[in-house]
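Hello,

Here is the structure we talked about handing over. Please open it alongside this message; my notes follow below it.

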There are 2 protein chains.
Amino acid sequence: VNEFQLIAQLAPTLATAPHLIVGAGDDCAVIDVGLAAHWLLFKTDAVVESVHFEAEADPAQVGHKALARALSDVAAMAGEPLSALITLALPDRFSTAWVQAAYQGLNRLARKHSVSIAGGETTRSPGPTLLSVAVVGRVAKDRCLLRSGGQPGDALFVTGELGGSLQGRHLTFQPRLAEAQWLARHGSIHAMIDLSDGLAGDLRHILDASGVGAELRAASIPIARAAKNAARAGSAAKPPLLAALTDGEDFELLFSAAAADAVGLLDAWKNRFPNLRLTCIGKLTTQPGLRLRDHQGVRTLDRTGYAHFAKPSS
Amino acid sequence: VNEFQLIAQLAPTLATAPHLIVGAGDDCAVIDVGLAAHWLLFKTDAVVESVHFEAEADPAQVGHKALARALSDVAAMAGEPLSALITLALPDRFSTAWVQAAYQGLNRLARKHSVSIAGGETTRSPGPTLLSVAVVGRVAKDRCLLRSGGQPGDALFVTGELGGSLQGRHLTFQPRLAEAQWLARHGSIHAMIDLSDGLAGDLRHILDASGVGAELRAASIPIARAAKNAARAGSAAKPPLLAALTDGEDFELLFSAAAADAVGLLDAWKNRFPNLRLTCIGKLTTQPGLRLRDHQGVRTLDRTGYAHFAKPSS
């Protein structure tokens, strides 16, 4: 039993209550705290040294990343973040300058989005530095976007470019808060998620939650320059398309929208966000599973993704 | 610079926003999310193996403790907890049974207080097991109890009995939620805190936040049997009164109330909570500092507490 299987086993046993609108399994928990038109969003996310960042990483960027990951989850619900608490587990010989710089990164991003840092906790740990962020936010009840709303026939969109994030972008990315809120107001968006595990993995979450399948057009998937450069640099690197599908840590938005609105949505987006690509990469289908269409035909991507990717489907 | 000094340095630099009613420095952060009569309470609290619990501890009790600590902070504001998120950092060779049992402890306490476990995160860590709990709750705006409301002349009260918690009670204590909510409705309570660092240390927080001093009556301080037994068992143990003042992890309520209401409050409490002691242990004073009155006179307790406790004041 690995930790993901274990958490899947535990999820149905978790204590629930009438105020819990959406529990474990979406980007944020959704809670009814008694507001007339809004729900509360609630999320925690941790980064661990040598797992999510290297010891040599710029601490201001580590702080930025820790908060940006949690804000990206609020964005994925089309929400507005309000306040964050920071839990810092420090090894015995911690550097004061490192902590101060990490907080500079946290504070800078927080101010950019009018988020307060409401405190938190610092604890000693015999282990590596761990930085956990808890965030609360708010979303209009009629604009909250879940993973479960996808419908067969929906067009699939992704913001930005994918792959190669670990070469630097994972420490500096901007959570797509304004973009997601705009989408919830202007598009017929049915399902949304932020890309943390990679396009193939996170699309699975939408498919599982919505009970649909998907077909991606390989030629449409926007591949980041970093992924192309990596492929050029060494034979051990993933092919760029595979990197875009599986690298993870992109923190872009993946969403499905009514197909009839797709062209209008792309036009309006270009007008509003001229500096950020929005790409239609495929569609949701009644046929279950995840398929990739390229010039050779249609391949099936199974759940292990990487291993089976190179084999054409029968 | 130790981690407490560092956090004190960082606190004034934290990003703030108009919705933040109370930030770092009280038991919970207090946030205005737009409710007419309530504020949101927001808190995180972590327990770390070999710091807050031993590897051999009953995992169900570890789960219980992790949530109970966070709920105790909600109690200290006279709030009602709603929902919790669990962050679990697991070493590479984690035990499935340990995690399942920890969640049993979490779920049992959550259900007792109608708290939902809304999900969370499990991450691998090269370090020790770490369990961080984020909690949101609610409190009526006119009943929210801060550390800063203490007034000279107030009577000081404590629930339960203090000292010796590490002999077992720290893993099994019950957060005083019903008691705190009752106090906020029925008493003229001015300031409240939960006892995590020990009576002497946590009372300092009320004194600092309220700009007052205090005088404790040594003979009135309720000492737990565990602290008395420990003192009897070995010469290396703290004297029982010192244990009650400094052991920490009691998770009882410490509060100040208008002196004129003290007797009525004690009577009403006995009627409502016959199985939990409530003790008046002293008073708040205009004279700053913390003093202890016993049959020999009045001693000053300085900030280092332990070291200077045995010396009579000049």
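**Helices across the two chains**

α3(A) passes α1(B) in a right-handed crossing. This is a predicted model, so please read everything here as computed.

From α3(A), the contact uses Thr96(A), Val99(A), Gln100(A) and Tyr103(A). From α1(B), it uses Leu6(B), Ile7(B), Gln9(B) and Leu10(B). Sorted by class, the contact of α3(A) with α1(B) has five nonpolar residues, three polar ones and no charged ones.

α1(A) passes α3(B) in a right-handed crossing. Leu6(A), Ile7(A), Gln9(A) and Leu10(A) make the contact from α1(A). Thr96(B), Val99(B), Gln100(B) and Tyr103(B) make it from α3(B). The contact of α1(A) with α3(B) holds five nonpolar, three polar and no charged residues.

**A helix pair inside chain A**

α3(A) also meets helix α2 of chain A, residues 59–76. The two axes come within 6 Å and cross at roughly 40°. α2(A) and α3(A) are therefore oblique to each other. Their crossing is right-handed.

The contact list is as follows:

- From α2(A): Pro59(A), Ala60(A), Val62(A), Gly63(A), His64(A), Leu67(A), Ala68(A) and Leu71(A).
- From α3(A): Trp98(A), Ala101(A), Ala102(A), Gly105(A), Leu106(A), Leu109(A) and Ala110(A).

By class, the contact of α2(A) with α3(A) divides into 12 nonpolar residues, three polar and no charged.

**The seven-stranded sheet of chain A**

Chain A has an open sheet of seven strands with mixed pairing. The order is β8-β10-β7-β11-β9-β12-β13. At the edges stand β8 (189–194) and β13 (297–301) of chain A. Each has a single partner strand, so one side of each is left without a neighbour in the sheet. The twist averages 25° from one strand to the next.

Strand β12 of chain A (residues 290–294) pairs with β13(A) in the antiparallel sense, over five bridges. In β13(A), Gly297(A) is the bridge partner of Asp294(A).

Helix α5 of chain A (residues 199–210) packs on this sheet. It touches β7 (155–159), β8, β9 (213–217), β10 (253–257), β11 (278–285), β12 and β13 of chain A. The direction of α5(A) makes about 140° with that of β8(A). Helix α8 of chain A (residues 262–272) packs on the sheet as well. α8(A) touches β7, β8, β10 and β11 of chain A, and its direction makes about 15° with that of β7(A).

**The six-stranded sheet of chain B**

Chain B has an open sheet of six strands, also with mixed pairing. The order is β1-β2-β3-β6-β4-β5. β1 (20–22) and β5 (116–124) of chain B stand at the edges. Each has a single partner strand, so one side of each lacks a neighbour in the sheet. Here the twist averages 25° from one strand to the next.

Strand β4 of chain B (residues 80–90) and β5(B) pair in the parallel sense over seven bridges. Thr87(B) stands opposite Glu121(B) in β5(B).

**Two positive phi values**

Ser114(A) is not a glycine, yet its phi is positive, near 55°. Ser114(A) lies in the loop between α3 and β5 (116–124) of chain A. Phe251(B), also not a glycine, has a positive phi of about 55°. Its loop runs between α8 (240–246) and β10 (253–257) of chain B.

**Confidence**

The model scores ipTM 0.93 and pTM 0.94. Chain A has a mean pLDDT of 93, and 96% of its residues reach 70 or more.

Best wishes

Technical notes. Residues are numbered from 1 along each chain as its sequence is written. Chains are lettered from A and ligands numbered from 1 in the order in which they are written. This is a predicted model: local features need pLDDT of at least 70, side-chain atom pairs count only at pLDDT 80 or more; totals for chains, interfaces and linings use all residues. Side-chain values use heavy atoms; hydrogens and water are left out. A crossing is left-handed if the near helix is turned anticlockwise from the far one by less than a right angle, and right-handed if clockwise. Helices (H or I, at least four residues) and strands (E, at least two) are DSSP runs, numbered from the N terminus. Contact means heavy atoms within 4.5 Å. Ala, Val, Leu, Ile, Met, Phe, Trp, Tyr, Cys and Pro count as nonpolar, Asp, Glu, Lys and Arg as charged, and the others, Gly among them, as polar. pLDDT is the predictor's confidence in each residue, from 0 to 100. Two strands pair if DSSP finds at least two bridges between them. Axes are lines fitted to C-alpha atoms, for helices over the stretch in contact, and angles run from 0 to 180 degrees between N-to-C directions. Angles under 35 degrees count as roughly parallel, over 145 as roughly antiparallel, 65 to 115 as roughly perpendicular and the rest as oblique.
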